[in-house]
Amino acid sequence: YGLGRSASLRGDDAAAIELFKAALEIEPEAAEIHQQMGLAYRKMRDMDRAREHLSKQASESLTFPDPLMESLRGDFSRSHLFAGLEAQSTGQWDEAVAEYRQAVEEDPTNGVNHQILADALEKSGDLDAAIEEFRLAAALLPNDAMVRVQLSKALISRDGVTEEAIDLYRQAVEMAPGLEEARKGLAYVLVQEARFEEAFEHLDAALEIDPTDPGTRILRARSLAEVGRDAEARAELESILADRPDFLEASLDLAAVQARQGDFDSAITGLEGVLESAEDAHSRAILNFEIGGLWQLAGDDEAALRYYDAAIEQAPELRDAQFNRAVSLGRLGRQAEAEEQLRSVLEIDPADEEVYLALAQALAGRGQFGEARDVLQDGLGEIAVSRLLMGALVQLLLASPDPEVRDAEAAVPVALRLHEVDPSIQNGAMAAAALGAAGRSAEAAEWQARSLSEAEAAGWPEEQLQRMRSDLALYRQRAGGD
């Protein structure tokens, strides 16, 4: 049993099963052995055998015969591994890590000990230490594919997808072309990096190992959709749903592909069918929201509102349903209701810059320029470095039809701060415009000259450059007359 647990921890489920079988010959009724064997079968996708053994599990711990216990406890590093496993099985991670560290200290050249310690450190939340131990394990186990998979996963958890993480998956695939975790992991990170054509090779290889794996199949379908192969993506998703009609993610993805193809009837009808059989409130809320979105895309905002209303009733915290409902209300000319809905979204998230902008635009559309300015300023009070809101406020202060709102002097510090946060060519030209409108023509000319030089170096279209030159000439003319 102990050897089986060690094999399981290093990812060798086939070896673990054989060792658990040997343990069951000695203790046929041992519930914990049945549990671990069931888990190993489940990882190998043998669900019938997994169910058979998991049905025999129980909460009590396995009691080993004394000779085996004494043998394990007398073997130094293995005794610490055994004690670590016991602590780990009861969630005592600090104790497990301490035992595994003892095992490493007593046998520092054993790569498996470092690997087991690294796994425990990762599960306890100490990623930095886990990565250090995984690196040591990889150096001591130069032909072990699984430890490279584990190291790559830990690096991605800490740093996101990096070339090192991708390279580790590639090494694992080269070492063990049939290792499903390596193939799927490499495919996943390549998809994350939008390297879809490279990902297809490994998705297809993973599906040769396990043709029924729904996660790999849906990742392949999504990749097909991302590269514009909608017909193939649709066929793949329909095939997944033929095998797994209750796979909600596949139903949502299929509807998205159908909508992109312009087949809104099939998309809406398909999701309505799933909605009829959905039992939990969260799934029903998501489905109502998605169907509302399809009606919105199809141009029927009245129908969209019915579904958004249902989604909000089932999940009031669903921000996107509330925001989209406001969009439909606005498109139907029900501006006051749209504004009220947007204010409700801000109650969910007071730092939602998209909502502040939409609310300000709605108010400005009704001629409420002072209220629009106040909303943008409130938003910047919550999100001080929002480029979106700073840009909108500068434009409103410079170009508002309401003379009481138009205020170039107030626009200048906002524009300068925007350029400080995002020193783009556009923002430099906006700072020049604010300075020019405030009568500070010499400064405006300096800003415009810098922006023009940057735009020329960046190869901007001649039409845009000519407009910038005209503005620069105007600032210089005004500066000469000041």
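Author: Let's start with Arg-220, which counts as buried because its relative accessibility is 16% and the cut-off for buried is under 20%. Keep in mind that you're looking at a predicted model.

What does Arg-220 pair up with? Asp-204 forms a salt bridge with Arg-220, and their closest N and O atoms are 2.7 Å apart. The two partners come from distant parts of the chain: Asp-204 sits in helix H13, Arg-220 sits in helix H14 (residues 214-226), and they are 16 residues apart. Asp-204 has a relative accessible area of 32%, so this residue is partly exposed. So if you trace the bridge on your screen, you go from a buried arginine to a partly exposed aspartate.

Now try another pair. Arg-325 makes a salt bridge with Asp-309, with the closest N and O atoms 2.6 Å apart. Arg-325 belongs to helix H20 (residues 319-331) and Asp-309 to helix H19 (residues 301-314), so this bridge ties together parts that are 16 residues apart in sequence. Arg-325 is buried, at a relative accessible area of 17%, while Asp-309 is partly exposed at 35%.

Next, look at Glu-443 and Arg-440, whose side chains meet in a salt bridge at 2.9 Å, N to O. Glu-443 is partly exposed at 34% relative accessibility, and Arg-440 is partly exposed too, at 30%.

Which arginine is buried yet has no salt bridge? That's Arg-148, and the nearest side chain of opposite charge, Asp-144, is 5.5 Å away. A salt bridge has to be within 4 Å. But the side chain of Arg-148 does reach the backbone oxygen of Asp-144, at 2.8 Å. You'll find Arg-148 in helix H10 (residues 145-159). Setting aside neighbours within four places in sequence, the contacts of Arg-148 include Ala-138, Leu-141, Leu-168 and Met-175.

Let's move on to the nonpolar residues. In soluble globular proteins, nonpolar side chains tend to be buried together. Here, the largest nonpolar core has 48 residues, and Leu-342, Leu-376 and Leu-389 have the most contacts inside it. Leu-342 touches Phe-323, Ala-326, Val-355, Ala-358 and Leu-359, leaving out neighbours within four places in sequence. There is also a second, separate core of 33 residues, and among its members are Ala-145, Val-189, Phe-200 and Leu-224.

Leu-376 turns up again when you look at helix H23, where the buried residues are Phe-369, Gly-370, Ala-372, Val-375, Leu-376, Gly-379 and Leu-380. The buried residues of H23 pack against helix H22 (353-365) and helix H24 (387-399).

The same check works on helix H3 (residues 31-43): its 13 residues should span 18 Å, and the end C-alpha atoms are 19 Å apart, which agrees. Buried residues in H3 include Ala-31, Ile-33, Met-37 and Tyr-41.

Ala-285 lies in helix H18 (residues 281-297) and is buried, with a relative accessible area of 0%. Away from its sequence neighbours up to four places off, Ala-285 touches Ala-311, Gln-314, Ala-315 and Leu-318. From Ala-285 to Pro-316 you cover 31 residues in sequence, and their C-alpha atoms are 9.3 Å apart in space.

The other is Ala-194, in the loop between helix H12 (180-192) and helix H13 (196-209).

Notes
Residues numbered from 1 in each chain as written. Predicted model: local features only at pLDDT ≥ 70, side-chain atom pairs only at ≥ 80, totals over all residues. Heavy atoms only, no water. Helix = DSSP H or I, 4+ residues; strand = E, 2+ residues; numbered from the N terminus. Buried < 20%, exposed > 50% of the residue type's maximum accessible area, 1.4 Å probe, protein only. Lys, Arg positive; Asp, Glu negative; His and termini not counted. Polar contact = N/O pair within 3.5 Å; in protein donor to acceptor, adjacent residues only side chain to side chain. Contact = heavy atoms within 4.5 Å. Expected span 1.5 Å × (residues − 1). Core = buried A, V, L, I, M, F, W, Y, C linked by side-chain atoms within 4.5 Å.
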